[in-house]
Amino acid sequence: MLGQAIRTEPRLFVVSSIGSSLFGLLIIANSYVVGFVTGHIVVPAFAAGSVSTASLAGVVAILVGISGLRVASIFGRRLGAGYMQFRLQARYRRAVTRRYLSLPPSWHQRHATGTLLSNANSDVEAAFGPIAPLPFAVGTIVMIFGAVITLFLTDWVLALVGVALFPTLFALNLAYSRRMAPRQIHAQQMRAKVSAVAHESFDGALVVKTMGREADESRRFGVFVSELRDALVSVGRLRGIFDPLMDSLPSVGTLAVLLIGTWRLQSGAINVSELVSVAFLFTVLAFPVRAIGWVIGELPRSVAGWERVQAVLSATGDLEYGDAGVPGTGPAELRFEQVSYRYAEGPAVLDEVTFTVPAGKTVALVGATGSGKSTIASLAIRLVDPGSGSIALDGVKLPDLSAVALAGAAALVPQIPFVFDDTVRGNISLDRPEITDDGVRQALRLAQADRFVGGLPQELDTQVGERGTSLSGGQRQRITLARALAGRPRLLVLDDATSAVDPRVEAAILGALRDRDANTSVLVVAYRRATIALADEVVYLHRGRVVATGTHLELMAAEPGYRDLVTAYEKAEQR
Amino acid sequence: MTDEGTVATIRRGLALSPELRPGMAGTIGLALLQMAGRVAVPIAIQQGIDKGINAPGGPNPGIVLTIVVLTLLALVISTVCGYLMTRRLFTVSETALGALRSRTFRHIHDLSMLHQQSERRGSMVSRVTSDVDQISQFLQTGGIQLLLASGQLIVSTVVMAIYSWQLTIVVLLAFGPAILVIRLFQNRLAAVYRTVRERTGVMLGAVAESVVGATVIRSYGVAGRTGMRLDSAIDDLRSAQQKALKTSVTSFSSGEIGAGLALAGVVVAGTLIGIDGGLTVGQLTAFLFLVTLFIQPVQIATDMLNEAQNAVAGWRRILDVLDVEPDVADPDDQGVPLQAGPLSVTFKNVSFRYPGGPPSNHPTTALNRTKGPLVLDDVDLEIPARTKVAVVGETGSGKTTFAKLLTRLMDPAEGEVLLGGVPLTSVRFSSLRSRVVMVPQDGFLFDATVAENIRFAEPDLTDDQLRTAFVELGLADWLSGLPQGLETPVGERGEALSVGERQLVALVRAYVADPDLLVLDEATSAVDPATEVRLQHALDLVTRGRTTVAIAHRLSTAQAADEVLVVDAGRVVQRGPHARLLAEEGSIYAKLYASWLEQTR
């Protein structure tokens, strides 16, 4: 994964690694300058009781110069690493969301909204988390090699202290990361759980409220909160052991240098200047060495995030589109041929369904709740593909059509309207180039939405808010109806699309549809007689099978089940 | 949002999380002890050089050994203190944050429906997730470092001052400009990080839309448009992040320059002072070590302050939510329970208007009830107990508002609603919610099985009792058609079921709650007519003695009701049994009914 990241952004990686390495070497240089100053300027000056201005000026120049170089190296390292991280995150966020857009609705149905959100957000973030400290770690490794080499050049005995200390620090870091990883992962899982419960509970806030279940929901939430707390405390305990230890170990190194250094000094192997340099080096090395720990510590989280991101990127099941267009320009004919469909592992929802919506005609789908009507609606515009059988528009099988041709020819108005956080105009035109303002207004008129839109504060430019919360259910339905009509589809599929609209408004909508010159074939899921009356033909469904097809009158005469369904209200009245 | 200061937020937060306070002094004490261990090393260097290496008779390993052993001891104590400190800090802070999460969660549920709807759902979720996580993560990493850094800063300054007050001044002077620059950058940093947070929100919103609206995006072939929006949201976030980083690094590097200046200043001034005999070689060397100890915390602090600001901002958002008083509040102990038996309903001159003005994110201003058109206008009526009332009217006439006032999801702007003669505002919620149940149009289901969803209302029901409920409502056939019967998972938000099926489950859920007042708000709008009629019939059979208020577009409901209320433009314009209303002159109901007949016959 890290290799992949480096290959994607090689320039930034080089810049930041050079910056970081420079930074490390400057730290070593600084230690030696401090040692040199102590040994060659301070000690003689204290002994002689005087010092030359020139040598002091030289010291200042060197120290400030190193400081300046360090600033440059910090810019290189941090900006390089940060830019690299941000660019990679942006790149993968784009890639993940592209997959969301191209994967089919059935895939979306199998994945919770919250999961998909975190795939694009926190998982991408976690995956590239170690990128920021990575160049720092590379620089640290350079620095440690540099330090060990200079140590050996100074004195081999003192160098052995370093040789003993650095591997110990590494080993400790490694052991720590090993133990920390499962705890972090557990904490992360609990975080996700807490978030999922909160999401669902607030989603269903109205039900919670009307049933007075606030206390029980709080209890349910509380269980996960305390599990998360325990997970985080256990992370904290481990860190409590490790962090102070990592802080103290370099100090132990410094003390060892002092002790061994005194002995080496006594035997004349080193001088004071070298002793101070080495002691100083151990003090300043402590911090960067931990950067490696950070990278290692981040790795498990990163790998987990990367795997989840990869799962999205490599998900299959795309609906492959052909490149055919829909022949003809008028209303389209829709044909279902022995279509069967089942959701994963479930029983068949549709069983060898065959029917035709002839060009320019209106066909009503009638059936009890749960008989498979909405599934047919989704199949008709190819939101899903059937398990077996085929569906064709104007004789061309749906999978052969191009995405553009299909979207241009057929439109579905779903049962539950979905409204974007955009203006009324944006919601209807969806930036489809062929739809003008006039087209939008005309569609609104047809959907009986012109009056209430006219009453909105900024009319067409009114923002409707997240999921259209500023609109009522019926208003949202009419907006989505207008959205479908605005594209002048050649096949219109209405899935009980006027359920939240009251009878008078619905009658007006149906009237408007009927008056329009028959440029559209319509497949309509309906219960109301008026809607059914509008249909040239009725397809009666029962438990996923087409029981009968014919005109309303024929079915009334021949099918008792159908009769019971559509005359339920009258019968209730007579009771 | 509020722009109160950081200190004020922290004070407010501490007041609300008393769990944080006990032992805080102990924790800080331990942190100071831990830090004291860090200065032990420079002191050891000084002592070692002055008394051991530069000893009168040449280097003396014995003295150095003593010093080293003593320092090691100090280090061990410091490390143990560090462990204890971290452990305490984590236990205390995570316990407090857990409590804060739970309390905020409950508080959001206690807010009125209007409050809940005025907030984006995602932002309510972040109050109990990412906002708390931000505080927790800050405490786990930055907080400890910041605490230790300040400890280190104090301890090293004190030791420096003991060695040489003149050199300490030199160090402070060298850092003066850096601290000034860092302070100057604080505001800019706060601003750039705010931009990052805002753009993160925008990006999440765009991603959410592409996920939730996936079907619509596909069916209209507008993936290109959504993709472009996503790209620009993602890139805006990236450029904000880069800008924030640039600002932060610039601020950080001023500390680095300060460090260089301080080191140089100490060498020069120290040498000059030492020449006059005011300082030993060991002291000056120790000072150089101390300067490094002084620099580290300053640099860490500049980095951590950003995180601290994020954490404080998160904390502030949580506190702001907790500060909102639930405006439809449970009278709780001061309240009374509803009388036993069927309930009558009285509306006394009830008016309602939605909070007006432009939509606002701030809950308190969003509920400013001064503006907004009247939705219900002076409604005055009485529904006797045990009756079945249908409320009809055009879209937007105020029917749903009527239902919400009746169930106290909202309170009227003027007037009073009484149940069984008791003002609704004085009824204890525990009593209200168990006796009065509303079934909304969108029968929200939890991601669980059918059985679990129904048990949401009555957790103690056995499977047999659940099945009986389905049988009583005439839904046994439908249940048997489900792949795993009662154990069928309904999917996220119930999306594995069709819309009509979801309504069936929601209705059964309300039915098993066995309320004395049942309010149905378009509860069967997506169910087929035969099933609806069957349900209605079943409910009639089993609801003898119960008061039912049903809001319906389907006028079959009205026909079957004892009485019909016709709402038009916020007023009840007609009431009475179906047959009489039809006959009234200029009857709005007659018009509604005519169009209903036209559609259904």
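Q: Where does UniProt place the feature "transmembrane region" in chain A?
A: The unreviewed UniProt entry places this feature at residues 12–33, 45–69, 131–150, 156–176 and 275–296 of chain A. These positions come from the record, whereas the coordinates belong to a predicted model.

Q: What makes residues 12–33 of chain A a helical span in this model?
A: The span is 100% helix and 0% strand. Its end C-alpha atoms lie 31 Å apart. For residues 45–69 of chain A the values are 84% helix and 0% strand, with 28 Å between the end C-alpha atoms.

Q: Which residues of chain B carry the feature "transmembrane region" in UniProt?
A: The record, again an unreviewed entry, gives residues 63–85, 169–185 and 257–275 of chain B. In the model, residues 169–185 of chain B are 100% helix, and their end C-alpha atoms are 24 Å apart. Residues 257–275 of chain B are also 100% helix, with the end C-alpha atoms 27 Å apart.

Q: How is chain A divided into domains, and what distance separates the domain centres?
A: Domain 1 of chain A covers 2–313, and domain 2 covers 334–418 + 490–574. Their centres, taken over C-alpha atoms, are 60 Å apart. In chain B, domain 1 is 6–323 and domain 2 is 339–358 + 369–600, with 55 Å between the C-alpha centres.

Q: How do you know that chain A and chain B are in contact?
A: Contact requires heavy atoms within 4.5 Å. The contact between the chains takes 158 residues from chain A and 162 residues from chain B. About 15000 Å² of area is buried between them, and carbon and sulfur atoms give 68% of that area. On the chain A side, Phe46(A), Phe202(A) and Tyr569(A) lose the most area to chain B, together 6% of what that side buries.

Q: Why are strands E2 and E5 of chain A called edge strands?
A: The order of the open four-stranded sheet is E2-E1-E4-E5 (chain A), with antiparallel pairing. E2 (348–357) and E5 (396–397) of chain A each have a single partner strand, so one side of each has no neighbour in the sheet.

Q: What makes E4(A) and E5(A) a pair?
A: Two strands count as a pair if there are at least two bridges between them. E4 (residues 388–393) of chain A and E5(A) have two bridges, in the antiparallel sense, and they therefore meet the cut-off. Within this pairing, Ala392(A) stands opposite Lys397(A). Helix H11 (residues 373–380) of chain A lies across E1, E2 and E4 of chain A, at about 120 degrees to E1(A).

Q: Why is Thr354(A) called partly exposed?
A: A residue is buried under 20% relative accessible area and exposed over 50%, with partly exposed in between. Thr354(A) has 28%, so the label is partly exposed. This residue is in strand E2 of chain A. Apart from residues up to four places away in sequence, Thr354(A) touches Arg335(A), Phe336(A), Glu337(A), Gln338(A) and Val546(A).

Q: What makes strand E7 of chain A mostly covered?
A: Five of the five residues of E7 (residues 491–495) are buried. On one side these are Leu491(A), Val493(A) and Asp495(A), and on the other Leu492(A) and Leu494(A).

Q: Which strands pair with E7(A), and in what sense, parallel or antiparallel?
A: E6 (residues 410–413) of chain A pairs with E7(A) in the parallel sense over four bridges, and Val413(A) has Leu494(A) as its bridge partner. E8 (residues 521–525) of chain A also runs parallel to E7(A), joined by five bridges. Here Asp495(A) stands opposite Val525(A).

Q: How many bridges join E1(B) to E2(B)?
A: Six bridges join E1 (residues 345–353) of chain B to E2(B), and the two run antiparallel. Val345(B) stands opposite Ile383(B) in E2(B). Helix H12(B) packs on this sheet, touching E1, E2 and E4 (414–419) of chain B.

Q: Why is helix H12 of chain B called mostly covered?
A: Seven of the eight residues of H12 (residues 399–406) of chain B are buried, which means that each of the seven is under 20% relative accessible area. They are Lys399(B), Thr401(B), Phe402(B), Ala403(B), Lys404(B), Leu405(B) and Leu406(B). Just after H12(B), Arg408(B) has a positive phi of about 55 degrees.

Key: Residues numbered from 1 in each chain as written. Chains lettered and ligands numbered in written order. Predicted model: local features only at pLDDT ≥ 70, side-chain atom pairs only at ≥ 80, totals over all residues. Heavy atoms only, no water. Buried < 20%, exposed > 50% of the residue type's maximum accessible area, 1.4 Å probe, protein only. Domains from an automatic or database assignment. Axes fitted to C-alpha atoms, helices over the stretch in contact; angles between N-to-C directions. UniProt positions renumbered as here; feature names shortened; annotations may be inferred. Buried area = accessible area lost by both parts, 1.4 Å probe.
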